[in-house]
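Subject: Structure handover and notes

Hello,

Please find the structure below, followed by notes on what was found in it.

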Amino acid sequence: MGEFKVHRVRFFDYMPSAIRAMAFNSHTERLALVRADGALEIFNFADHYFQEKVIPGQDGRAVEALCWVGQRLFSAGLNGEITEYDLENLRPRYTVEAYGGPIWTIGSNKQGTLLMVGCEDGTVKMFEILKERIQFQRNLERQKGRIVSLSWHPSGTLIAAGMMDMIRIFNAETGHATHRMLVERGVGASKSREVVVWSVAFLSDYTIISGDSAGKVQIWDGLTGTLVRTHLVTKWDVLCLSVSQDESSLIAGTSEGTVVQFQFISSTVDQQEEEWVRTRTFKNHSHDVRALAHTETAVVSGGMDTQLVVRPLLDKVEKNTQESAMRKIALPHRSLVCCAKKAGLLLFQFPDHLEVWRVGESDGHGKPGDSLPVKRKPEKLIQLKGKGGDHIYSSALSPCGEWLAYSTVSSVRLYRLQYNNISITKVSKLPKDLCLGHQLCFSSDSTKLFASSRHSSVIVVALNQLECKYLHTLKPKSGSRQPVHLLCTSEDGKWLATANTDCEIHVYDLHKRKLHCTVPIYSSCPTAIAIHPTTSHLVVVHADQQIFEYSLVQKEYTEWSRKLQKQGLHSLWLERDTPVTHVTFSLKNPAHIILHDMFMFCIIDQSLPLPESKTLLYNQMTLRSLPEQERIRHSHAFKICKNFKHVMCVSLLEDHSLVVVERPLLDMMSQLPAPVRQKKFAT
Amino acid sequence: MAALYEGYTLCGLVPGQTLTNSGIQGIEAERDSDHVVVTDSTRSVTLYKVSDQKPLSSWTVKQGQTLTCPAVYNSQTEEYVVVSDNKVSSDVWRVHCLPGGEPVVLFQRGAVRLLDSLLSAPQQPIEEVLAQEEAIRWSTNIVADSQQFVIFTTEQKGDSFLYLHRLNPNTLQRYRLEREEPGLSPLSFSASYRDKHICLLYLYPNGHVYQSVVSVRGLGGDEGAQALPLPRSLLLGLPVGEGLLEAASAQLLDEAHVAVVGVPHPSAGAGKDFLCIWNTNFQTLQAGKEMAGKIYGQLWTFSNKLFIPHGKTLSVIPYECPKSSLASALGKLKQAKTEGELKQMSCVPSWNNILHGDKAQPSRPAETRKTVSNFIKTKYLNFSVQTAPVEEVQREVEGLLSRADIQDLQPLVGQLASMLVSRSLADPAFYTPSTLAQLVHTQSLCHSVCPDLVLLALERRDFFLCQLCLQFFPDIPEAVTCACLKAFIRVVIKTGEEDKEKSSTPPEPICPVGLHKAVLLNEVLLTAYSDTFLLPHLKDLSSQHVVLFLQYLQFLYLKYSQDASPQMHGLRSPSLTQIMDWVCMVLDAHFTVLVMTPEAKGLLVNLHSFVKSQVRLVSELGKIEGSLQELNKMKVKKDVGQYSIEIIELF
């Protein structure tokens, strides 16, 4: 197949923010997750844990708790506000001040009619959930000391509140506190420190379970207010609890990075009575586990170390299947890197700023495996700080490198760049329609900017030296209200394709300014799309790793795509657990499709036979060892290169060299603060 | 290294009429480690406090009565048990009692009873266990896995047997000891229990010390069965000198050490009045002490004290057997061997071979024959070595060394060297330097085998031999190393002046000693040592010598700090660490003296400035430690690379 010159880039200092809270919606199988910088992410657990939506955070917005009420998602934080999110337009829908100081926790009743928050000033505030908003209803009896955690009994009559040194039980109707359960402090030096009840869970049998800063998980009788059992699980804090829906299993996250499971079982075989027994301990985190979700089959955890870990419970899933494999989601499922192919520039998107780099140069030649001497080092040309405290949602650099656009939840900004004498100018007068841009994309000749807007529409803006002019809006016919999460144009400027989280892919004819076709809907969400520069075939990769090639001219799947579907993808290909996030094509060889996930990049040579189920998929090492004449016999279409890890972007520059942007996990780990000290052997 | 300390007298002896009897029948432990009960051979029992060397009380039976077994102390009842005139209900051989255990009576015909059961029914019938003409020679009792055992050995028509009698439940096992040379039966026995095995050690008149190990587990209950053969292994072949041993005893001290009394010291001629401690793992002599007066072949050991009757006294000799390992036996490991040295060392037969060569197959008939033939050879050589003139001896030895495989000759080489050394020591006119050098070169010798060789060489000013010994002996004691050092330095002073003028040393630094002396001193520096043992001997050096030695060490140090490749100095040159260790030791040993010596002032100032510069360097390094660590971190990052342009190939 040949040699490639690869720019191996590791200077993208991307650092995800710590996971602060999560909430799992078992009806929609969506996990909502919020990070320390306020960014909200929605993962679809029914579709290969694909991160389908992201709402960027905001400076100074510290979300402490999340709560699903039906399909609606609420959050509350230390700024004292309750926010409901607009998951269609990917922005906060509204924000309500609770007037109780910082809010530590949020919860709802089972019926989904009331929302309660626990405040710093010792009040539990009830809000009525109305159709379009929430309305303050009343306070429960005010307590001394902050309300750190809350749990509503399924019947709706009682509420348990975790506080400093105690747990209170409130009668939800009268609002009076009925019980006060004192929580013992830690021993030794921590005796003088107040114990924080970080989390409580109120079960339907009136058992209350609490996790506290003294490292205890305690089981209480909520009717009598008595302590039933204490499990000391850590020397540090138990930060969060989550109970399975059938209330047979409970998990607790600790500062040591462990997740401890308890199960409601009889402790001995012949014993009838069931009790909460500590059963398993998972250690998948190096730092505090701040957020937990107990799904039907898995323990989902996240915390300071920024990784989302899905750890299937092996008694709930079939062993040795893809379902039973543990997943760690460390990098976002969307591209934060934009490559200006013609200019050899890279745009890196951080939450609060953008960086434009020029890749280095080398005039040397070398054998495969060599590192060439770098004649010109890579250079950071521009660092652009976001304005107004809103974090960046999406960004794009035009192929020529002269235009830069980025969007936040509230606005789109466009800049003009010059490199001979580096300068950046903001384009001040943008069309009014260009106010929302979930996805941004420039045409290949850099004359147009496309911005996806509400209800999957795309706004087209013409760019030239003098002005920036709104041309028209492209709208799908499906009437989908979901946002577009993928946007791409063809090299010849004729086609524009969009994909939304309803799994729809619409292709617009830019010359005719109208919808050209809709690709048949596939059940799994597209994770990357691209239009071939010469054949105008649309290549789509889905979260379930399926690849489709759709002819835009014929409006049907191509022969190759049919063949691929008929034969089926190789099982090892389907077992990969990170989505393909970028597809591009080779300018030299039209039969080549280049795509990548987090752990590899792959060049699909459509002229070669597809790998059969028994062939070796990862065969590069084998081929290397074979004499040249024999290689062709053993080759197949999937050329997979695993030299690179934690890949954030693979792109092809105009000079045919590849750019691979890596973000090694170790580098990210090294930026984390020190974990809690643990006594290890011989230290 | 095991050590024997200064002993003291516990009491005087009243030897029996025959003079072969010490007059002591037995010594038994009393309430604690500091009290013993001594029973004399007639009618009195005395309790001693050992540390005070004084009797606390004494009992005597009526005139006409005799004590026929040593008194034992029953710590449970705080009573003493003694048998007079053999009689209970049958003739009693011994009463045994372990601390905290019940007294057990062993009858002369082999039956065993608990004292209590015997006293409650004194007239009970006592069975005969032993055959006719079989008689008990020795007995003891041992608690193994909370089971009490009575162990005794018997002799019948030249055969020896071992009996293991277990109490509660009673079982008896009989073993037959392998025969030694005809007519020889064991002189002494000693038993101990460790790791679920009873370990029996016995000494034959020909100096062979054997060990037999019996598992306590496998003891069957079938009484009266045939005597099982008892496997044995040869632990030591002690030098016996002329004739056979008569009154000797070997006592196990721990798993690696044996105390032997009544056996000649390997380097002190034929006199048998020595108490020695041998290491059985390395078969080296660890400590030796001459005991004045006649040795009766009696030896007891209680809590790190040996009790030995000799002449007209009963002496108590404290001893110590620290756990010995090869490393501690060798002292500090030799450091920094150049390639040449390594090669040299690799032709030295392995330590194991030297030590365990003959232990591996101790009891095969072929081996015995070989020993015998060696014995004959020795006998033959003995004659010539002890009487023949120097030239003849040289010829004989040379012939012997060229004739045979040296591995086989190992014991012979040792004996030859010992004989040559003792003859040389006795006869000032006799000295065979080349023969001794040849023997050392066989690398079958070590210091323990021939302890006087180095001192003899020093006495005869045979520095070449000294050097060879230092080079080839792995076990030279620190005292001897120091003696060599002293002798070498002294020579340096006598002839050093001229040497210094003659040798055309480079302008700086000037070597304070001549080349030959430097070579000798280097050999000392290279010797293995342990500084705690070396330090006291170093203190014997005179201040003048110390200054010279320090000057030489300083010279070496300077040379090394200037020279990047110290190996160039020759094959056998000490390493920088060795030099620094010696400097420190010499300074430690003589610091106060050196401070007072005017000529040492410059030297001390120099050394002080070295130290100061070193301290400064280290503190400067300490200051930049943080930055260096950062550098290290950065380097790691660089290794990974923030950016590189690579060529990859896909197939």
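Which residue in strand 32 of chain A is the bridge partner of A:Leu347? The bridge partner is A:Val356.

Before the rest, some ground rules. This is a predicted model, in which local features need pLDDT of at least 70 and side-chain atom pairs count only at pLDDT 80 or more, while totals for chains, interfaces and linings use all residues. Residues are numbered from 1 along each chain as its sequence is written, chains are lettered from A and ligands numbered from 1 in the order in which they are written, and side-chain values use heavy atoms, with hydrogens and water left out.

Chain A overall

Chain A has five helices and 56 strands (DSSP runs numbered from the N terminus: helices are H or I with at least four residues, strands are E with at least two). Of its 683 residues, 60% count as buried (buried is under 20% relative accessible area, exposed is over 50%, and partly exposed is in between, with a 1.4 Å probe and protein chains only). Taking contacts in chain A between residues at least 6 apart in sequence, 48% join residues at least 24 apart (a contact means heavy atoms within 4.5 Å).

Strand 32 and its partners

Strand 32 of chain A covers residues 353–358, and five of its six residues are buried, so the strand is largely enclosed by the rest of the structure. Strand 31 (residues 345–349) of chain A runs antiparallel to strand 32 of chain A, and five bridges join them (two strands pair if DSSP finds at least two bridges between them). A hairpin of three residues connects strand 31 of chain A to strand 32 of chain A. Strand 34 (residues 379–385) of chain A is also antiparallel to strand 32 of chain A, with six bridges. There, A:Arg358 has A:Glu379 as its bridge partner.

Salt bridges

Over all chains there are 38 salt bridges (a side-chain nitrogen of Lys or Arg within 4 Å of a carboxyl oxygen of Asp or Glu).

- A:Asp165 and A:Arg185 have their closest N and O atoms 2.7 Å apart. A:Asp165 lies in the loop between strands 15 and 16 of chain A and A:Arg185 in the loop between strands 17 and 18 of chain A, so the pair ties together parts that are 20 residues apart in sequence. A:Asp165 is buried at 15% relative accessibility, whereas A:Arg185 is partly exposed at 27%.
- A:Arg416 and A:Glu402 have their closest N and O atoms 3.7 Å apart. A:Arg416 is in strand 37 of chain A and A:Glu402 in the loop between strands 35 and 36 of chain A, so parts 14 residues apart in sequence are tied together. A:Arg416 counts as buried at 16%, and A:Glu402 as partly exposed at 33%.
- B:Glu180 and B:Arg232 have their closest N and O atoms 3.0 Å apart. The two lie in loops of chain B, so this pair ties together parts that are 52 residues apart in sequence. Both B:Glu180 and B:Arg232 are buried.
- A network of salt bridges links A:Arg8, A:Arg10, A:Glu662 and B:Glu646.

Regards
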